[in-house]
Amino acid sequence: PQKHVIRAFVRPSTFRLPKDTSKPILMIGPGTGVAPMRALLHERRYQAVNEKKQVGANVLYFGCKKQSWDYLYQEEMEQFQKDGTLTALHLAFSREQAEKV
């Protein structure tokens, strides 16, 4: 069997929610880099539903090339909107038309 070497490094996350849960958060998720924002939204939902805390507005700007290819978390984002976790969702898809935007 062949052996492969994979180099990797781990560093501490810098994503943090405000200590005051009533403060709003603005998130910008380019492409599939939206995964950390998903975690923040899950935590905000937990704070509101399970801990009964007052949670501030949660606004997400998300962009990718094509909605059908790259918007991997569409259903989850729609559910966040429906249950009130995600206050506003702003989307941009750069390859949805004939000309590149």
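Two strands pair if DSSP finds at least two bridges between them. With that in hand, I opened the model, which is a predicted one.

**Entry 1: the sheet**

I began with strand β2 (residues 58-64) and its partner β3, and found them paired in the parallel sense over six bridges. For a landmark in this pairing I looked up G63, which stands opposite A92 in β3.

Next I asked myself in what order the strands run in the sheet. The order is β1-β2-β3, three strands in an open sheet with parallel pairing. I noted β1 (25-30) and β3 (88-93) as the edge strands, since each of them pairs on one side only. From one strand to the next, the twist averages 10°.

**Entry 2: a helix over the sheet**

I then turned to α1 and checked where it sits. Helix α1 lies across β1 and β2, and its direction is at about 150° to β1.

**Entry 3: two helices together**

How do the axes of α1 and α3 cross? I have helix α1 (residues 35-49) and helix α3 (residues 74-82) coming within 12 Å, with a crossing of roughly 30°. Angles under 35 degrees count as roughly parallel, so I wrote down α1 and α3 as roughly parallel to each other. The crossing in which α1 passes α3 is left-handed.

I listed the residues that make this contact: R38, L41, H42 and R45 come from α1, while E76, M77, Q79 and F80 come from α3.

**Entry 4: salt bridges**

My search of the whole structure for salt bridges gave three. One that I followed up joins the side chains of R38 and E76, at 2.5 Å from N to O. Why does this pair tie together parts that are 38 residues apart in sequence? It does so because R38 lies in helix α1 and E76 in helix α3. I was pleased to meet both residues again here, as R38 and E76 are also among those making the helix contact.

Definitions and conventions
Residues numbered from 1 in each chain as written. Predicted model: local features only at pLDDT ≥ 70, side-chain atom pairs only at ≥ 80, totals over all residues. Heavy atoms only, no water. Axes fitted to C-alpha atoms, helices over the stretch in contact; angles between N-to-C directions. Helix = DSSP H or I, 4+ residues; strand = E, 2+ residues; numbered from the N terminus. Parallel < 35°, antiparallel > 145°, perpendicular 65-115°, else oblique. Left-handed = near helix turned anticlockwise from the far one by under 90°. Contact = heavy atoms within 4.5 Å. Salt bridge = Lys/Arg side-chain N within 4 Å of Asp/Glu carboxyl O.
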